[in-house]
Amino acid sequence: MSLHELAEKLYELFRLNRMEGQSAYLCAFYDQLASSVNEQATDLQSFLHEWDETLCSKTIQSPEINGIRIISIHKSKGLEFPHVIIPFCDWRLEHPDLLWCSPTEPPFNQLPIVPIDFSQKGMTGTIYERDYEEEHLQNVVDNLNLLYVAFTRASISLQVIGKRNAKNNRSALLEMVLSPTANLLPGSNLSGETDEQAPLRFLYGSMQLQQAQEQTCIPHENIFLQKSTPVEVAIEVFAQKTQFRQSNRSRRFAVADDDDEQLQRYRYIQMGTVLHQLFSTIRTQADIPEALRRMEFEGIIYDQTLTRERIEQMISKRLSVPQIADWFSPHWTLFNECTILSTDPATGRTCERRPDRVMTDGEQTIVVDFKFGSPHDEHKQQVSQYMQLLNQMGHPHTQGFLWYFYSNQIIEVK
């Protein structure tokens, strides 16, 4: 079994479909299994090793509504949540980095661009002070935008936690604006401002969890604004009905070089397939060279044993027989592998028959079937059916022939 089929078999044997509330974990497991099969080895040992190394620590988002969802500020953009907690609102405003500057004063302007260590202390008072101020302004705007996104996700309550007396980070700036904000908002409460060792708490509004819960349960008339509800997904396993069959081309790679009998049989089948396709595309003998070049261009003729020159020599030798050469002359109106529809008198079903080559000159009709194997009685029965159908279609003078290409044997069917 393949790795995916083995997992489905185990799912069926242990009846995991009876486990309630586990569909999210099972779907996530199948996703990890499919990703592992597509990107790495597909054997069981490799998957178990990857499971022990990385997959066992994978997490999924909880489908429960009354749960905590951990998400970054960037991923929360455009979303809305009843309650938002920002536990680490104290990231650094600026990080040590390289800033690429274009100097304007000599002799530094001999270089079009130079890397400068980005810092207020190192760039203030130098020719790169303006570059620092511009980059610093961009950092301030980016941080304000990020803070704006984080603070506007909540619809009911917002809780922000940061470090006190922390320089050069976001919480220090928030600490600076708490006192003016408390004076502007009636009903707000700011405590711990005089004691630097105590927590600094700013409160505004009141928490009414019961009322908030009732508000979230009210269905909205707009279907796009309705609150999400978890849906249990049922996973079903079906029996595999497909079977593996090796194609002729892939079988060629499995043939051992020292197995002459099997290799010869493969080349024999390959040659017959190419010749049958060739005869289905040509009308006269003059069409053979162009048809062979097209098959060579399309990759149908592709190896050293099956070459265009060899096939052309084989066909030329067999077309030296006058009767065969007449079949490929422009004298005839040709029907190459045209389908004949008929009704089975026993079942009433529509049947399809497709003779290899049907030729007519208005008075005489000839049907020829090409064979690339040994003669069999069913070959004659097949051509006989073609002749009967042509007679029913208004072709009374019909002849049928079997042409065995390798032996160049022609058998007339009465």
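Trainee: What do the buried residues of α5 pack against?

Mentor: They pack against β1 (81-86), β3 (114-118), α4 (120-123), β4 (154-160) and α6 (170-184). Helices here are DSSP runs of H or I with at least four residues, strands are runs of E with at least two, and both are numbered from the N terminus. Bear in mind that this is a predicted model: local features need pLDDT of at least 70 and side-chain atom pairs count only at pLDDT 80 or more, while totals for chains, interfaces and linings use all residues. Residues are numbered from 1 along each chain as its sequence is written, and side-chain values use heavy atoms, with hydrogens and water left out.

Trainee: Which residues of α5 are buried?

Mentor: Y132, N139, N143, L147, V149 and A150.

Trainee: How do you know what span to expect for α5?

Mentor: The expected span is 1.5 Å times one less than the number of residues. α5 has 23 residues, which gives an expected 33 Å, and its reach from first C-alpha to last is close to that, at 33 Å.

Trainee: Moving to L44, what makes it buried, partly exposed or exposed?

Mentor: Its relative accessibility is 39%, so L44 counts as partly exposed. L44 lies in helix α3 (residues 44-53). Not counting residues up to four places away in sequence, L44 touches L3 and L6. L44 and L3 are 41 residues apart in sequence, yet 6.4 Å apart in space, C-alpha to C-alpha.

Trainee: What makes L10, L13 and F14 a patch?

Mentor: Together they form a nonpolar patch on the surface, with about 340 Å² of accessible area. Patch residues have over 30% relative accessible area and no salt bridge, and nonpolar side chains (Val, Leu, Ile, Met, Phe, Trp, Tyr) are joined within 5 Å, like charges within 9 Å. A salt bridge is a side-chain nitrogen of Lys or Arg within 4 Å of a carboxyl oxygen of Asp or Glu.

Trainee: How much of the whole chain counts as buried?

Mentor: 27% of the 414 residues.

Terms used:
Areas by Shrake-Rupley, 256 points an atom, 1.4 Å probe, with all protein chains shown as cover. Buried < 20%, exposed > 50% of the residue type's maximum accessible area, 1.4 Å probe, protein only. Contact = heavy atoms within 4.5 Å.
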